[in-house]
Amino acid sequence: MQISEVSLRGFRNLEELNIHPSAGINVFYGKNAQGKTNFLESLYFCATGRSMRTKLDWQMIGFDKEESHIRILVQKNNRKERIDVHLKRDTKKGIARNGVPVKKLGDLFGTLYTVVFSPEDLALVKEGPGERRRFMDLELCQLSRIYYYDLQQYYRILKQRNNLLKEIQKKPSLQETLFVWDDQLIDFGERVMAARKGFLQRLDILAAQRLNALTGGLDHLKIIYRPNCELGQMAERIKRNLQRDIYLGTTNNGPHKDDILFSIDGKEVKIFGSQGQQRTTALAAKLAEIDLIREETGEEPVLLLDDVLSELDERRQKYLMESIDGLQSFLTCTGIEDVVKKYIRSENLFYVEKGRILPEN
Ligand SMILES: Nc1ncnc2c1ncn2[C@@H]1O[C@H](COP(=O)(O)OP(=O)(O)OP(=O)(O)O)[C@@H](O)[C@H]1O
């Protein structure tokens with residue numbers, strides 16, 4: 001799939017633009033703080049219905065604007081799909097797919113598959129577990145509406161249960177009502193864990209192949225799911241830790257505490273890997289995401305690469321550029337590095353300055 005047209009109005013500092021990206025690598029270059037990431041954010045929003053930078057939709061509306069519009073056309077085999085986004089200051093966002101309002105975000109997924117590479121993604125291995133959960137959730141939500149629903153329900157119930165735990169501290173008799181939440185929490189929690197396990201088993205194989213290619217067969221990667229409770233054990237753990245949960249006023253067990261372990265030749269990369277190995281591992285995991293989307297959906301995802309080349313050495317830059325050759329990519333950078341020049345044509349260059357995006361030719 002590929003994005004054939006993007007129109008924006010009042011989106012962050014991008015006042016008004018209409019561009020026709022090409023099928024290959026599109027490079028957006030310019031000084032810092034000109035609007036390059038803002039542009040990628042608008043595309044990401046169309047794919048997922050949310051920003052990769054903020055949970056607060058109003059923050060994306062231009063400072064002096066009342067509303068913001070994004071429209072993209074996605075070309076798939078022989079058909080075109082249109083996504084329209086409308087952000088307003090005081091009301092809920094509106095998203096439409098081919099002119100039909102999207103009622104649940106899950107209905108948007110699948111219109112446009114994206115894989116984002118940002119400097120934060122390259123820090124995936126060394127960051128905290130929250131980043132790693134986000135990594136698997138983003139991918140899984142794009143691929144499975146059921147997962148998206150289960151995850152949403154899980155977090156909704158978790159919040160209710162945590163509120164009730166705090167109430168029980170003040171009024172112990174309320175403990176009788178806790179089982180209502182517990183049953184649902186366990187049900188959705190087990191489903192989330194099962195999906196994560198399956199996903200990481202597949203990602204493990206694909207990422208190992210990627211790392212193998214990246215290091216010329218030197219490093220052998222394993223990606224291992226580290227659930228907070230073993231599959232099938234959540235009910236028992238919730239029951240066992242009930243008094244602790246009440247005492248702390250929060251739920252201490254469940255997939256909201258999951259993690260992923262990356263190891264190279266049996267050693268945990270986060271602890272023993274060099275910085276280069278940590279980044280290469282993250283890069284392999286991200287590239288494996290592309291492979292997985294392709295395998296699962298038969299579609300090529302659109303890649304959003306936000307200033308990642310500057311984070312990689314020359315060999316890894318070259319591997320990344322070779323790996324994305326043939327896929328539609330939106331790549332931002334402050335200057336056009338030699339490695340980029342080799343892979344792009346001049347008509348795929350866009351200069352970004354003060355919220356304006358100008359095709360190079
Ligand atoms: N809601 C908004 N309305 C208008 N401008 C905004 C809004 N949010 C952010 N900006 C502006 O957007 C600019 C940052 O744009 P962006 O994050 O795209 O930078 P960039 O070109 O990717 O730079 P870098 O290379 O430093 O990442 C800042 O000048 C910021 O003030």
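These legends go with a few close-up views of a predicted model. Local features need pLDDT of at least 70 and side-chain atom pairs count only at pLDDT 80 or more, while totals for chains, interfaces and linings use all residues. Residue numbers start from 1 along each chain as its sequence is written.

**View A. The shell around the ligand.** There are 18 residues around the ligand, and Asn13, Asn32, Lys36, Thr37 and Asn38 come nearest (near is a C-beta atom, placed from the backbone, within 6 Å). By class, that's 10 polar, 5 nonpolar and 3 charged residues, with Gly counted as polar.

**View B. The largest nonpolar core.** Of its 94 residues, Leu43, Cys46, Leu203, Ala207 and Ala284 touch the most other members. Core members are buried Ala, Val, Leu, Ile, Met, Phe, Trp, Tyr and Cys joined through C-beta atoms within 7 Å, where buried takes 20 or more other C-beta atoms within 10 Å of a residue's own. Helix α5 (residues 178-214) supplies the largest share, 14 residues. Domain 1 (1-113 + 299-361) and domain 2 (123-298) both contribute, so the core lies between them.

**View C. Strand β12 and its partners.** All 5 of the 5 residues of β12 (residues 302-306) are buried, so the strand is largely enclosed by the rest of the structure. Val302, Leu304 and Asp306 point one way, Leu303 and Leu305 the other. β12 pairs in the parallel sense with β8 (residues 114-117) over 4 bridges and with β13 (residues 329-333), also parallel, over 4 bridges; pairing takes at least two DSSP bridges. Leu303 stands opposite Val115 and has Ser329 as its bridge partner in β13.

Terms used
Buried ≥ 20, exposed ≤ 12 C-beta atoms within 10 Å, placed from the backbone. Helix = DSSP H or I, 4+ residues; strand = E, 2+ residues; numbered from the N terminus. Domains from an automatic or database assignment.
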